[in-house]
Amino acid sequence: MGLSAAFFDLDKTVIAKSSALAFGRPFYRDGLISRRDMVKSAYAQLMFRLGGGSDEQAMARTRDYLAALCKGWRVEQVQQIVAETLDELINPYVYAEAATLIAEHQAAGRDVVLVSASGDEMVRPIGALLGITDIIATRMSIVDGRYSGEVEFYAAGPSKVVGVRELAAERGYDLTDCYAYSDSSSDLPLLESVGHPSVVNPDRALRRSAVENEWPILEFRHPIPLGQRLRDRPAVPVAAAALGVGVGAAIGLAIYARHRRIKTFSRTA
């Protein structure tokens with residue numbers, strides 16, 4: 001256990017895609033998501049984005065939709081899907097710059113913690129892939145091996161800070177000595193809770209906040225599979241790159257977008 005920690009958002013910060021979106025195809029293939037779910041979740045994601053996505057009402061809607069979508073899923077089935085597809089769907093999309101930065105924090109004696117709104121069943125195996133065991137992620141209530149339709153902890157927005165502060169109290173971290181990294185303005189509370197915040201591939205609102213607060217702005221551009229990173233060490237230096245939500249909705253958006261592309265192609269063919 002380190003004396004301080006580095007807290008990393010996952011999507012678009014450590015990996016170059018949405019972790020929930022990545023597993024959409026195998027979830028659909030295994031019958032966890034129907035065509036109706038695709039349309040509903042695509043609409044929910046669109047409304048989430050158009051509405052800004054970071055206000056409490058938008059987060060509550062996404063949380064409730066997530067709970068309803070996952071109700072009745074067997075936890076073991078979800079874990080199996082993630083385990084079987086992790087190397088194909090996540091490994092190639094890990095930013096080399098993020099992997100280097102994580103290794104630098106670990107070498108400095110800091111704990112590294114993944115903090116993500118995606119489900120624990122997805123985030124924990126991704127953490128293991130990166131050599132990270134400390135996870136703060138969304139937790140669903142489970143009854144008799146199935147998701148009950150209730151969310152025990154939704155790790156989004158200000159709730160991420162709740163998880164961070166609980167871990168800091170347990171471990172004895174001084175948050176003024178800790179680091180945090182994120183791409184999204186919804187994580188402003190997380191970034192503001194530590195003494196060393198940095199933004200990674202920031203959205204427009206977060207970039208504006210970073211400039212106002214004189215936070216470092218990092219651009220990660222090189223997703224590289226783990227095997228290649230090990231062969232080609234050292235990875236892309238972080239210094240060279242420095243320039244200064246809802247699980248269910250993301251899953252549906254991925255499949256819906258693919259469906260739209262196929263439909264558009266068929267019309268033009």
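Author: Happy to! Let's look at Glu-121, which is buried (under 20% relative accessible area, with a 1.4 Å probe and protein chains only) and yet has no salt bridge, meaning a side-chain nitrogen of Lys or Arg within 4 Å of a carboxyl oxygen of Asp or Glu. The nearest side chain of opposite charge is Arg-124, 8.2 Å away; Lys and Arg count as positive, Asp and Glu as negative, while His and the chain ends are not counted.

A word on the source: this is a predicted model, where local features need pLDDT of at least 70 and side-chain atom pairs count only at pLDDT 80 or more, while totals for chains, interfaces and linings use all residues. Residues are numbered from 1 along each chain as its sequence is written, and side-chain values use heavy atoms, leaving out hydrogens and water.

Where does Glu-121 sit? You will find Glu-121 in helix 7, residues 120-130; helices here are DSSP runs of H or I with at least four residues, numbered from the N terminus.

Glu-121 does have a polar partner: its side chain and that of Tyr-147 are joined by a polar contact of 3.3 Å. Such a contact is a pair of N or O atoms within 3.5 Å; within protein, one must be able to donate a hydrogen and the other to accept it, and residues adjacent in sequence count only if both atoms are side-chain atoms.

Leaving aside residues up to four places away in sequence, Glu-121 touches (heavy atoms within 4.5 Å) Val-75, Val-78, Gln-79, Val-82, Ile-142 and Tyr-147.

Elsewhere, Phe-27 and Trp-73 are both buried, and so are Tyr-95 and Phe-220.

Terms used. Buried means under 20% relative accessible area, exposed over 50%, partly exposed in between (1.4 Å probe, protein chains only). Helices (H or I, at least four residues) and strands (E, at least two) are DSSP runs, numbered from the N terminus.
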